[in-house]
Amino acid sequence: MLDVLSKSLLIHGFIQLEFADQREEFYKQAATSISEDRLRYRKDIIVEGLENPIDAFIRLLQGHNFGKLIVHVS
């Protein structure tokens with residue numbers, strides 16, 4: 001919070017429902033951008049196996065992941 005105050009930053013919330021009518025257009029643009037390698041996303045596979053989802057949940061709550069947390073099941 002100190003950075004927000006000392007740098008005069010503006011924080012604005014994002015409510016997904018405000019943009020629900022634009023969802024289909026976003027999906028089209030995002031798919032194109034991903035296929036052209038202009039949009040990248042991160043995923044975090046930190047837990048292997050269906051027997052370990054509790055470990056994944058604990059790590060999620062502790063903030064050990066970035067992006068989308070995935071439990072890899074083969």
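## Close-up views of a predicted model

Figure 1. Ser33 sits in helix 2. The model shown here is predicted. Is Ser33 buried or exposed? Ser33 counts as buried because its relative accessible area is 14%, and the cut-off for buried is under 20%. Setting aside neighbours within four places in sequence, Ser33 touches Arg38 and Leu39. Arg38 itself is exposed, with a relative accessible area of 59%.

Figure 2. Ile34 belongs to helix 2, which runs over residues 23–35. The relative accessibility of Ile34 is 37%, so this residue counts as partly exposed.

**Figure 3. Salt bridge between Arg38 and Glu36.** The structure holds 2 salt bridges. One of them joins Arg38 to Glu36. Their closest N and O atoms are 2.8 Å apart. Arg38 has a relative accessible area of 59% and is therefore exposed. Glu36 is partly exposed, because its relative accessibility is 47%. Arg38 is also one of the residues in contact with Ser33.

**Figure 4. Salt bridge between Asp37 and Arg40.** The side chains of Asp37 and Arg40 meet here in a salt bridge. The N to O distance is 3.3 Å. Are the two partners buried, partly exposed or exposed? Asp37 is partly exposed, at 47% relative accessibility. Arg40 is exposed, at a relative accessible area of 65%.

**Figure 5. The backbone at Asp37.** Where does Asp37 lie? Asp37 is in the loop between helix 2 and strand 1, the strand of residues 43–48. The phi angle of Asp37 is near 60°, a positive value in a residue other than glycine. Most residues other than glycine have a negative phi. The side chain of Asp37 takes part in the salt bridge with Arg40.

**Figure 6. The backbone at Ser8.** Ser8 is found in the loop between helix 1 (2–6) and helix 2. Phi is positive at Ser8 too, with a value near 55°. Ser8 is not a glycine.

**Figure 7. The stacked rings of Phe14 and Phe19.** The count of aromatic pairs comes to 2. Phe14 and Phe19 form a stacked pair. Their ring centres are 5.2 Å apart, with 10° between the planes. Why does this pair count as stacked? Planes under 30 degrees apart count as stacked, and the angle here is 10°. Phe14 is exposed, with a relative accessible area of 65%. Phe19 is partly exposed, at 35% relative accessibility.

**Figure 8. The tilted rings of Phe26 and Tyr27.** Phe26 and Tyr27 form an aromatic pair that is tilted. The centre to centre distance is 6.0 Å, and the planes make an angle of 55°. Tyr27 is located in helix 2. The relative accessible area of Tyr27 is 46%, so the residue is partly exposed. How far apart are Tyr27 and Gly13 in space? From C-alpha to C-alpha they are 21 Å apart, and 14 residues separate them in sequence.

**Figure 9. The setting of these views.** The protein has 3 helices and 2 strands. Along the sequence they follow the pattern α-α-β-α-β. The C-alpha trace spans about 45 × 40 × 25 Å along its principal axes. The radius of gyration is 18 Å, whereas a compact globule of 74 residues would have one near 11 Å. What share of the residues counts as buried? Of the 74 residues, 11% do. The protein exposes about 6900 Å², and carbon and sulfur atoms supply 58% of that area. Among contacts with a separation of 6 or more, 38% join residues 24 or more positions apart.

Definitions and conventions: Residues are numbered from 1 along each chain as its sequence is written. This is a predicted model: local features need pLDDT of at least 70, side-chain atom pairs count only at pLDDT 80 or more; totals for chains, interfaces and linings use all residues. Side-chain values use heavy atoms; hydrogens and water are left out. Helices (H or I, at least four residues) and strands (E, at least two) are DSSP runs, numbered from the N terminus. Buried means under 20% relative accessible area, exposed over 50%, partly exposed in between (1.4 Å probe, protein chains only). The radius of gyration is taken over C-alpha atoms; the globule rule is 2.2 Å times the number of residues to the power 0.38. Contact means heavy atoms within 4.5 Å. Accessible areas come from the Shrake-Rupley method with a 1.4 Å probe; for residues, only the protein chains shown count as cover. Rings of Phe, Tyr and Trp (its six-membered ring) pair if their centres lie within 6.5 Å; planes under 30 degrees apart count as stacked, over 60 as edge-to-face and the rest as tilted. A salt bridge is a side-chain nitrogen of Lys or Arg within 4 Å of a carboxyl oxygen of Asp or Glu.
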